[in-house]
Amino acid sequence: MKISYNWLKSYLDLNLVPADVAEILTNTGLEVESVEAWESVPGGLEGVVIGEIVACEKHPDADKLNVTKVDVGTGELLQIVCGAPNARVGLKSPVALVGATLHPSSSEKFQIKKAKIRGVESFGMICADDELGLGTSHAGIMELDPATKVGTPAAEYFKVEKDQVFEIGLTPNRSDAYSHIGVARDLAAALSTVYKIDASIQKPKTNLENAKITSLKSANQLDLCAPVPCVKLDRGTGVKEVLIEDTAACPRYSGVNISGVKIGDSPAWLQNRLRAIGLRPINNVVDITNYVLHEYGQPLHAFDADRIKGGKIVVKKLADGTIFKALDGTDRKLSSDDLMICDAEGGVCIAGVFGGLESGVSGTTTNIFLESAHFDSTSVRKTAARHNLRTDAAMHFEKITDINATVEVLKRAASLICEICGGHVVSDIIDVYPAPVRGYEVTTTITRLNKLAGADIPAATIKNILTKLGISIEKEDGDSLSLLVPTFKADVKREADILEEVLRIYGYNNIPMPKTLQSSLSFSPKVDPVKLENIAAALLTGTGFSEISTNSISQSKFEQDDALRRQQILLLNSQTAELDSLRTSMLYSGLEVIAHNQNRKSGDLRLYEIGKTYHRQGDHFTQQQHLALFLTGQDVADNWLSKGHKYDFYHLQSYVSNVLTRFGVREYSANVIESSPFAFASRLSLEGQVLATYGQVDRNILKNFDIKQDVFFADINWDLLLQQSHHLHVQFRHLPKFPAVRRDLAMLVSTDLRFEQIEQIAKAEGRKLLREVSLFDVYKGDKIEAGKKSYAVSFTFLDPEKTLTDADIDKTMGKLMKKLESELGVVIRK
């Protein structure tokens, strides 16, 4: 949120430097993220003065150039070469001196230097409109009033306004400060209570203070049998009837008719106010509504009253699928949940969000109906998100506006329109407010507030702060306070909120640090997920992996697995057309990272991410946590000594095994799978649940991401791994005293047999002595029969109690070979 210092000073008598104001605002909870200088003319016309041409002769070597002598008030004439066709003796014009920096636009600037043009020295530049950023004309140099004093700074002559703009990081709960008056209110409270500077807000006065208001009561519309709240005017022109069909979405609607309006440019002061906070002036009526929005925090909307059919406004919802032509010319399909402002024939505005093309103010508008309403924040937020319209009005309504300010703000805007646009009010103020809200009642005590604050704040200071913030003290009984919180503080409804308001202004820095610290012992769960995440991160980072963090919102079209597609959770109000669902797999967001790096010539990657996937299970939603690993490219870059090796399935398998081993998981079953998104993969299961799936990603999927090299992906069930970590105990063993013995076995096996099957049988048969099983050679070729392959497997045995004999090993190997032959049909090669 941008706040103009000059604008603030129109409500408060301030003599502080902007840096001090920024510090005070930050201490009150309005964090000032930056303070930037702003000038109505870029560069502030520094180094530019008013000069008079006292001599003008043709350039000796250029037909279109003149050599002039210019008086700039220093007592010394400057020689300046000028190519303007209107340069002549006696002309007064802005002169940029040597060293001045000109800003033709906010993005362009150049410095004036001493120059030699066609052999003639030039000591400055006589300026045209566009060169100073004062216009677009370049037909010639500017011609000023002959009575202008020579040497007058151009900034003074053109009345350049300078300002300091605060960029405030407003938190969502501070809707009361979402305006210049709101910020001024906090600033005044802090100055008067903490800094002992007498400061009171002077709100702008209007010439409509005594304007007649026609409300439900005055219009005799309190009949409980009336179908909808309605106010009708029996005199005046323009809109004469306002009905609210949905009072939940629109609890209050106020408006007034103004005639004789002349649409044109706004005065300079108004344009400067808007430009300072980053808004572009449009026309005087629209500029006034924007100005008042940022003054009070209450959105307004101006309709062309002559285009309101039937002189009637109806606040209601239209049928689903209704087409509405918005102010930007776009045909928008409405939802039945969108609140609309309608006339007698149809919708003219999306309530609180965006105007309509047919009813908007144009250059020919002379009569307007000015709206000031209170719309439900949830309704506006959903509609704005549904149509992807993040307007200033919508953002203010989303944070909850002051329901009791609509008429006050309406008077302020109408007064400005009459003053600036030449209009005059031609009707009573219409105010449909069926269920008035007084405020929020809160009861507390001074003792209680001080106890919660941990400080002894004087009662007078507390009451002064509350009063300055607009919180009225309805009743005092001893140190008990009955408070009425105004409706512009929508987030202050409890005792704790009252304390926060007091401490914000009093200053958290003024709360003394206690000399003792009281705390209670807390016991962490046996499994600390954060600690285990750090263990996994340290393990993987130590082996060369880089951690990534990707968006859990993905593109639904990525998912190829039919079962997972049925589990997708689609977003109702996605910010973009592509990001429309919560991810069901960790794969695709990782592939986006790989593609991003590959496109920047970084193709050798080891990546990991701990994140969540989201699934629909019937009417319920679940989330699962995963550890994802990605390998692509080579393990090391080629160099003069050796070449790198491309990552393959077995590299990935070793990393998965390392993670599982580190978490104490050693017993699991493995199965080979061939299903999307893998070309081939292995699935590890534990106690009937999938523990991990890893393999090579299908190249058809990689083509969708324009990835040209193989990618290996592992998806580890992090939730299941955390459960198994209950059994994680560090064990220490002595180094074996007795030697290990290795036996190798060559065998013929079926081509569809997997090594894991041999490994499982070996571990079952040699449980006491067998320490390791390893496949060290595989042969396929014409030297063995078709449908067969040759495995060479090593078995390592060790007895911690004694040296193994040949008889011990032969006995175990004999059992093992018989088991392999009977169950797997292997043929032992002699």
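Me: Which residue lies over the face of Phe-488, and at what distance from the ring centre?
Reply: Happy to start there, with the reminder that this is a predicted model. The residue over the face of Phe-488 is Arg-185. Its distance from the ring centre is 3.9 Å.

Me: Where does the charged end of Lys-9 sit?
Reply: Here again a charge sits over a ring, and the distance to the ring centre is 4.8 Å. The ring under the charged end of Lys-9 is that of Tyr-5.

Me: How are the rings of Phe-545 and Tyr-655 arranged?
Reply: By the rule used for ring pairs, the count comes to 16 aromatic pairs. In the pair of Phe-545 and Tyr-655, the centres are 4.9 Å apart and the planes stand at 90 degrees. Planes over 60 degrees apart count as edge-to-face, so this pair is edge-to-face.

Me: Which parts of the chain does that pair link?
Reply: Both Phe-545 and Tyr-655 are buried. The two residues are 110 places apart, and the pair links distant parts of the chain. Phe-545 is in the loop between helix 14 (529-542) and strand 30 (546-547), while Tyr-655 is in helix 17 (residues 649-662).

Me: Is Tyr-650 buried or exposed?
Reply: Tyr-650 forms an edge-to-face pair with Phe-649, at 5.4 Å centre to centre and 90 degrees between the planes. Ring pairs also link these two with Phe-680 and Tyr-694 into a cluster. Phe-649 has 12% relative accessibility and therefore counts as buried. Tyr-650 has 58%, so its label is exposed.

Me: Which residues of the largest nonpolar core touch the most other members?
Reply: In soluble globular proteins, nonpolar side chains tend to be buried together. The largest such core here has 75 residues.

Me: How many disulfides does a search of the whole structure find?
Reply: A disulfide is a covalent bond between the sulfur atoms of two cysteines. The sulfur closest to that of Cys-56 is in Cys-82, at 7.4 Å, which is too far for a bond. For Cys-250 the closest is in Cys-349, at 11 Å, also too far for a bond. Across the whole structure, the search finds zero.

Me: Is Cys-250 buried or exposed?
Reply: Cys-56 has 26% relative accessibility, so Cys-56 counts as partly exposed. The relative accessible area of Cys-250 is 0%. That value is under 20%, so Cys-250 is buried.

Me: Which residue's backbone oxygen lies 2.7 Å from a polar atom of the side chain of Gln-298?
Reply: Gln-298 is in the loop between helix 7 (284-296) and strand 17 (301-304). With a relative accessible area of 2%, Gln-298 is buried. Among its contacts beyond four places in sequence are Val-292, Phe-397 and Asp-402. The backbone oxygen at 2.7 Å belongs to Ala-373.

Me: Which residue's backbone nitrogen does the side chain of Ser-585 reach?
Reply: Ser-585 is in the loop between strand 33 (581-582) and helix 16 (587-598). Its relative accessibility is 12%, so Ser-585 counts as buried. Leaving out residues up to four places away in sequence, Ser-585 touches Glu-559 and Thr-613. At 3.1 Å, its side chain reaches the backbone nitrogen of Leu-587.

Note on methods
Residues numbered from 1 in each chain as written. Predicted model: local features only at pLDDT ≥ 70, side-chain atom pairs only at ≥ 80, totals over all residues. Heavy atoms only, no water. Helix = DSSP H or I, 4+ residues; strand = E, 2+ residues; numbered from the N terminus. Buried < 20%, exposed > 50% of the residue type's maximum accessible area, 1.4 Å probe, protein only. Contact = heavy atoms within 4.5 Å. Polar contact = N/O pair within 3.5 Å; in protein donor to acceptor, adjacent residues only side chain to side chain. Core = buried A, V, L, I, M, F, W, Y, C linked by side-chain atoms within 4.5 Å. Phe/Tyr/Trp six-rings, centres within 6.5 Å; stacked < 30°, edge-to-face > 60°. Lys NZ or Arg CZ within 6 Å of the ring centre and 35° of its normal. Disulfide = S-S within 2.5 Å.
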